[in-house]
Amino acid sequence: MSKDKFPVTPGTRFLQDNKVNFNSYIYEYAEKGGTKQTAEDLNIEEHIVIKSLVFENENKQCIVMLQHGDKNVSTKELSRLAGFKKLEPADANQAMKWTGYQFGGTSPFGTKREMAVYAEETIFELEKIFINGGKRGFIVEISPDELKRILEIKTVKTAI
């Protein structure tokens, strides 16, 4: 597929503005398919598909957590590391208000609201990652080093 057939999103604009070298991929989005379905469609390991999860604390403040597709986040541990009493996943409507992205198409790039970004530390041991480009069924491949260069990331260990 040619470059001009890929979606232009706030996320891809952010990547271009920050001179990030990335590859774009379209895949068949399936409701509740998650990273497993994405990995199967692209014929890659689910571990290198990174999910962008939006959480809110007890004061309705939001953060983004980047986690391997085949892992879950210990919200108790993330709360402790972020200095909050409690964190829980933001509901889809609230996450969309904060990020500007529809649930299932959330990207950490080009969000409406600036948010603290946390990432599982082992993501940065990978050679490449696949992360949502800002639309359902659209993912970008980038280097984890680029991720760290363009976002102010706090690395944590929360995987379960």
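What percentage of the 160 residues of the chain counts as buried? The share is 48%, where buried means under 20% relative accessible area, exposed over 50% and partly exposed in between, with a 1.4 Å probe and protein chains only. The structure is a predicted model, in which local features need pLDDT of at least 70 and side-chain atom pairs count only at pLDDT 80 or more, while totals for chains, interfaces and linings use all residues. Residues are numbered from 1 along each chain as its sequence is written, and side-chain values use heavy atoms, with hydrogens and water left out.

The chain contains 5 helices and 8 strands; helices (H or I, at least four residues) and strands (E, at least two) are DSSP runs numbered from the N terminus. Read from the N terminus, the order of elements is α-β-α-β-β-α-β-α-β-β-β-α-β. The radius of gyration is 15 Å, close to the 15 Å given by the globule rule for 160 residues, so the chain is as compact as a globular protein of that length. This radius is taken over C-alpha atoms, and the rule is 2.2 Å times the number of residues to the power 0.38. Along the principal axes, the C-alpha atoms fill a box of roughly 45 × 30 × 30 Å.

Among the contacts in the chain with a separation of 6 or more, 63% are between residues 24 or more positions apart, a contact being heavy atoms within 4.5 Å. The chain exposes about 8,900 Å², of which carbon and sulfur atoms supply 45%; accessible areas come from the Shrake-Rupley method with a 1.4 Å probe. There are 23 positive and 23 negative side chains, and the centres of the two sets lie 5 Å apart. Lys and Arg count as positive and Asp and Glu as negative, without His and the chain ends; each charge is placed at NZ of Lys, CZ of Arg, CG of Asp or CD of Glu.

Two residues in strands were examined individually. N57 belongs to strand β2, residues 49-57, and is buried, with a relative accessible area of 4%. The side chain of N57 reaches the backbone nitrogen of N59 at 2.8 Å. Apart from neighbours within four places in sequence, N57 is in contact with F84, K86 and L87.

C62 lies in strand β3, residues 62-68, and counts as buried at 10% relative accessibility. C62 and A90 are 28 residues apart in sequence, and their C-alpha atoms are 7.9 Å apart in space.

Notes:
A polar contact is a pair of N or O atoms within 3.5 Å; within protein, one must be able to donate a hydrogen and the other to accept it, and residues adjacent in sequence count only if both atoms are side-chain atoms.
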